[in-house]
Amino acid sequence: MLKQHRELSMFIRRTIENNEEAGIRPSKTYQSFVAAAGGHRELNFIEKDVRNYITREVRNVSEQEDAKEFGKYLLRMKEKNQNFFFELELEEDQSIKLAFWADARSRAAFEYFGDVISFDTIYNTNRYNLVCGSFVGVNHHGQSTLLGCSLMKNEEIESFKWLFQCWLRYMGGNAPKGFLTNQWASMKRALEACMPTTIHRWCIWHIMKKIPSKLNGYKEHADIEQEMSQVVWNSHSKDSFDRNWNDFLLNFGLVDNKWLSDLYEDHHIWVPIYLDHHF
């Protein structure tokens with residue numbers, strides 16, 4: 001069992017590759033070899049060798065090959081259902097630059113539940129560092145319903161414009177009443193260009209969640225967090241929000257805090273009192 005004496009035969013390698021393609025877990029694959037040989041002692045390799053082979057050889061497909069396979073997969077989906085929609089844009093080296101896809105169920109759901117859409121890009125794929133985005137609506141049972149997916153190489157304005165235009169085109173050109181996103185200036189500008197009549201708002205949950213990390217350098221950070229929540233949620237008019245916000249900054253010596261200053265500049269797209277008259 002010394003490393004230099006362990007090896008995988010050609011038959012073992014082909015079996016590993018076939019099992020990996022079929023979605024069988026490496027541990028199950030290894031146990032099948034153990035059972036066929038009559039015990040661990042009869043094999044001249046261990047489970048780690050199986051896993052290493054999968055990582056090093058089976059999954060070591062180039063980015064260009066993966067992009068080709070992804071394109072083929074989208075085409076197969078289109079062949080199965082002509083109402084499946086996708087757009088794929090590749091870099092010069094044939095790697096994925098932008099991709100969007102949605103199925104017929106998404107389009108049907110949008111007709112009923114497309115009033116307000118959430119678009120989320122906080123997840124990255126773990127291999128090529130592509131940004132994974134999802135368009136999500138809410139159905140009549142209060143459940144999330146998927147209305148399209150995307151992969152993007154970057155989060156620049158032109159990338160978001162391309163994506164939003166693809167999505168709108170598939171959804172019949174009907175822009176939603178409301179669009180909910182995280183805080184990206186490039187996304188905001190792309191939405192203004194592609195959906196000028198849509199009310200764009202930032203996800204307040206994401207903003208409030210950042211308070212501890214943004215303000216924990218202040219001695220009274222716990223009181224700051226509590227007071228900021230009070231101002232944001234319990235201001236009953238636009239004028240009272242402005243007064244309460246200014247008092248909050250003065251009381252805690254936060255007038256020069258850049259994060260809070262930037263938030264205030266865009267308060268009309270996240271503070272409830274500025275948005276509660278919109279659906």
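Residues are classed as buried under 20% relative accessible area, as exposed over 50%, and as partly exposed in between, with a 1.4 Å probe and protein chains only. The structure is a predicted model in which local features need pLDDT of at least 70 and side-chain atom pairs count only at pLDDT 80 or more, whereas totals for chains, interfaces and linings use all residues. Residues are numbered from 1 along each chain as its sequence is written, and side-chain values use heavy atoms, with hydrogens and water left out.

At 36% relative accessibility, Ser9 is partly exposed. Ser9 is placed in the segment before α1 (10-21); helices here are DSSP runs (H or I, at least four residues), numbered from the N terminus.

Thr29, in helix α2 (residues 26-37), is buried, with a relative accessible area of 3%. Its side chain makes a polar contact with the side chain of Asn19 at 3.2 Å. A polar contact is a pair of N or O atoms within 3.5 Å; within protein, one must be able to donate a hydrogen and the other to accept it, and residues adjacent in sequence count only if both atoms are side-chain atoms. When residues up to four places away in sequence are not counted, Thr29 touches Ile16, Asn19, Ile24 and Val50, contact meaning heavy atoms within 4.5 Å.

Helices α6 (residues 157-170) and α7 (residues 185-194) pack at an angle of about 45 degrees, with their axes 8 Å apart. Axes are lines fitted to C-alpha atoms, for helices over the stretch in contact, and angles run from 0 to 180 degrees between N-to-C directions. The two helices, α6 and α7, are therefore oblique to each other, a class left after roughly parallel (under 35 degrees), roughly antiparallel (over 145) and roughly perpendicular (65 to 115). From α6, Ile157, Phe160, Lys161, Phe164, Gln165 and Leu168 meet Ser186, Met187, Arg189, Ala190, Leu191, Ala193 and Cys194 of α7.

Within helix α7, Leu191 is buried at 3% relative accessible area. Leu191 and Phe164 lie 27 residues apart in sequence and 7.5 Å apart in space, C-alpha to C-alpha. Beyond residues up to four places away in sequence, Leu191 touches Phe164, Phe179, Thr181, Pro196 and His200.

His267, in the segment after α12 (258-265), is likewise buried, with a relative accessible area of 13%. Its contacts, leaving aside neighbours within four places in sequence, are with Phe241, Asp242 and Tyr274.
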